[in-house]
Amino acid sequence: RGQCIFRRHYADLLRAMSKSRKDDEFDEAINQLRSAEELAMGLGAADLQNYALIAQARLNRDMKRRTEALDVLRHAEEFSRRMGVQKMLTEVLKVRGEVLLEDGETTQAGFVTAQSIAMSKRNGMRLRKISASLIQSQILMTRGQEKDAKRLLRETIAESQTLGYATKTSQ
């Protein structure tokens, strides 16, 4: 389980560090994620398989493969709802919001991201709430709601600092 989780997080890190979809970091992210998925399947760990799907959706988003990203998120959402894994569901909704925002669908992106924020609040998932709120700020800005976006961003930065989290936006 530990190796699977490490490889998934490492793949996310490499994906985030990648300058393009054609560099070594991106290729290694794909390899690490494949390895994480294989390990999860070998363990019969459905939860880890579905977290790997969420990471795959991020890769698909970055590769401009919206349909594939939404398909794997749908599968992870079905699993998380069936099994009652709220933590996974909040992440699915947030990533779906990111995918939709990337595609310019700000109304639907705002809706699912707001669901992620609300679920995070209800379940005391502070870091997930902060993460989803940052996405919601981007959505509001994209919609031209600059005043609301800046207010939410200020609130999110204040909350993250209160909790001791360092964020890109507060540095």
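**Helix H5**

I began with H5, whose 17 residues reach 24 Å from the first C-alpha to the last, close to the 24 Å expected at 1.5 Å a residue. I note here that the model is predicted. I then looked up burial: 14 of the 17 residues of H5 are buried, so this helix is largely enclosed by the rest of the structure. Following the chain past H5, I came to glycine 104, which has a positive phi near 85°.

**Salt bridges**

I counted 19 salt bridges and looked at three of them.

In one, glutamate 98 pairs with arginine 61, and the closest N and O atoms are 2.5 Å apart. Glutamate 98 is in helix H5 and arginine 61 in helix H3, so this pair ties together parts that are 37 residues apart in sequence. Are these two residues buried or exposed? Both glutamate 98 and arginine 61 are buried.

In another, glutamate 102 meets lysine 64, at 2.5 Å from N to O. This pair links distant parts of the chain, 38 residues apart: glutamate 102 is in helix H5, and lysine 64 is in the loop between H3 and H4. Glutamate 102 is partly exposed, with a relative accessible area of 47%. Lysine 64 has 54% and is exposed, because the cut-off for exposed is over 50%.

The remaining pair I looked up is glutamate 77 with arginine 81, where the closest N and O atoms are 2.9 Å apart. Both residues lie in helix H4, 4 residues apart, which is about one turn of the helix. I recalled that an α-helix has 3.6 residues a turn, so residues three or four places apart point the same way. Glutamate 77 counts as buried at 15% relative accessibility, and arginine 81 counts as partly exposed at 48%.

**Helix H2**

The buried residues of H2 include Phe26, Ile30, Leu33 and Ala40. What do the buried residues of H2 pack against? They pack against H1 and helix H3 (46-62). Just after H2, glycine 44 has a positive phi of about 70°.

**Two single residues**

Phenylalanine 6 lies in helix H1 (residues 2-17). It is exposed, with a relative accessible area of 52%. Phe6, Tyr10, Leu13 and Met17 make a nonpolar surface patch of about 390 Å².

Threonine 106 lies in helix H6 (residues 106-122) and is buried, with a relative accessible area of 15%. Leaving aside neighbours within four places in sequence, I found threonine 106 in contact with Leu101, Ile139, Thr142 and Arg143.

Terms used. Residues numbered from 1 in each chain as written. Predicted model: local features only at pLDDT ≥ 70, side-chain atom pairs only at ≥ 80, totals over all residues. Heavy atoms only, no water. Patch = residues over 30% accessible without salt bridge, like charges linked within 9 Å, V, L, I, M, F, W, Y side chains within 5 Å. Areas by Shrake-Rupley, 256 points an atom, 1.4 Å probe, with all protein chains shown as cover. Salt bridge = Lys/Arg side-chain N within 4 Å of Asp/Glu carboxyl O. Helix = DSSP H or I, 4+ residues; strand = E, 2+ residues; numbered from the N terminus. Buried < 20%, exposed > 50% of the residue type's maximum accessible area, 1.4 Å probe, protein only. Contact = heavy atoms within 4.5 Å. Expected span 1.5 Å × (residues − 1).
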